[in-house]
Amino acid sequence: MNTPATREAFEARLRRIGAERYHDLHPFHGLLHGGQCSPDQVRAWVINRYYYQSRIPMKDAAFLSRVEDPALRRAWRSRIEDHDGSEDNEGGIARWLRLASAVGLDPDYVASCAGVLPATRFAVDAYVRFVRERSLLEAVASSLTELFAPKIHAERIEGLLRNYAFADDSSLSYFRKRLAEAPKDVAFGLAWVLDHADTADRQDAAANALIFKTDVLWSQLDALHSAYVAPARIPPGAWRPGEGLALARAS
């Protein structure tokens, strides 16, 4: 029987996964943050990333439906409000649609998910299914990409403000808000995983769940890069430049 790693060594293993596999390393983010994306490439990113954002509260609701521990439910349910909003919180989905408006898209078109890439759908739906069907430990561990999110949010805010006319405090409010929300979520999630991954097999399962999630994020950017960065290969049914623009709704 394998001996589990110490708590410190296992946390270091999880953090290495992010250092090696998180999607901040993807070439598309280099283009986006460096101001090298065209307006249509930015719009394609906004449209496809919305599908992921919109499914996060559905993923969390699926997770909560399986949790018998009231303490865990109480700690987790704020994640749904963070995205869906509440009386006191606009919510991440509404903030993302404000970004959509800022880049010239009709937010109703974006919210319809009509132009989402097939690969984006497959990846995001696989993530929701993973959380619904796998162990609670694996489900929580898959959320630990939030360990690495503050860095990419800070880089994104800086890069977009420097390089794009649409970028301001209003359009980038989603990312600024996540700088405050994500550390709270990840502190709880990381501690929960470290507490419950108490055998070598459970540590392997948790680490593999985090790898799966990094693959979900990476594959979305692969799809964007393939479809919208030259030589562009937009698949049937996906958004095409000129569709779903705010001006089209007004005309």
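Predicted model: local features only at pLDDT ≥ 70, side-chain atom pairs only at ≥ 80, totals over all residues.
Cys113 belongs to the loop that runs between α7 (107–112) and α8. Its phi angle is positive, about 60°, although Cys113 is not a glycine.

Another backbone feature to look at is the peptide bond between Ala230 and Pro231, which is cis, with omega at about -5°. Pro231 sits in the loop between α12 and α13 (246–250).

## The span named in the record

UniProt lists residues 12–222 as "domain: Thiaminase-2/PQQC", and the entry is unreviewed. In the model, that span is 75% helix and 0% strand. Its end C-alpha atoms lie 27 Å apart.

## The largest cavity

How many cavities of 30 Å³ or more does a search of the whole structure find? There are two. The largest has a volume of about 270 Å³. It is lined by 21 residues, and those closest to its centre are Arg49, Tyr52, Glu146, Arg178 and Lys213.

Several helices share in this lining: α3 (39–64), α5 (78–84), α10 (149–163), α11 (173–196) and α12 (200–228) each give two or more residues. The biggest contribution comes from α3, with six residues. Sorted by class, the lining of the largest cavity has eight charged, seven nonpolar and six polar residues.

## The second largest cavity

The second largest cavity has a volume of about 80 Å³. Its lining includes His23, His29, Trp45, Asn48, Arg49 and Thr120, and Arg156, Leu217, Gln220, Leu221 and Leu224 are also part of it.

By class, five of the lining residues are polar, four are nonpolar and two are charged.

## Aromatic pairs

The model holds 11 aromatic pairs. One of them joins Tyr52 and Tyr127: their ring centres are 6.5 Å apart and their planes meet at 20°, so the pair is stacked. Tyr52 is in helix α3 and Tyr127 is in helix α8 (residues 118–133), so this pair ties together parts that are 75 residues apart in sequence. Are these two tyrosines buried or exposed? Tyr52 is buried, at a relative accessible area of 8%, and Tyr127 is buried too, at 2%.

Tyr164 counts as buried at 11% relative accessibility, and Phe166 counts as buried at 16%. Elsewhere, ring pairs link Trp45, Trp96, Tyr174 and Phe175 into a cluster. Trp45, a member of that cluster, also lines the second largest cavity.

## Charges over rings

The charged end of Arg79 sits over the ring of Trp76, at 3.6 Å from the ring centre. The charged end of Arg121 sits over the ring of Tyr51, at 5.2 Å from the ring centre.

## Sequence distance and space

Here are two C-alpha distances to set beside the sequence. Arg66 and Val131 are 65 residues apart in sequence, and their C-alpha atoms are 9.9 Å apart in space. Arg66 is in the loop between α3 and α4 (70–76). With a relative accessible area of 28%, Arg66 is partly exposed.

The other pair is Ala200 and Ile47, which are 153 residues apart in sequence and 40 Å apart in space, C-alpha to C-alpha. Ala200 lies in helix α12, and it is buried, at a relative accessible area of 10%.

Key
Residues numbered from 1 in each chain as written. Heavy atoms only, no water. 1 Å grid on protein atoms, 1.4 Å probe; cavity = no way out; pocket = protein on both sides within 12 Å on 5 of 7 lines; lining within 4 Å. Points joined across faces, edges and corners; volume = space filled by probe spheres on them. Helix = DSSP H or I, 4+ residues; strand = E, 2+ residues; numbered from the N terminus. Nonpolar A, V, L, I, M, F, W, Y, C, P; charged D, E, K, R; others polar. Phe/Tyr/Trp six-rings, centres within 6.5 Å; stacked < 30°, edge-to-face > 60°. Buried < 20%, exposed > 50% of the residue type's maximum accessible area, 1.4 Å probe, protein only. Lys NZ or Arg CZ within 6 Å of the ring centre and 35° of its normal. UniProt positions renumbered as here; feature names shortened; annotations may be inferred.
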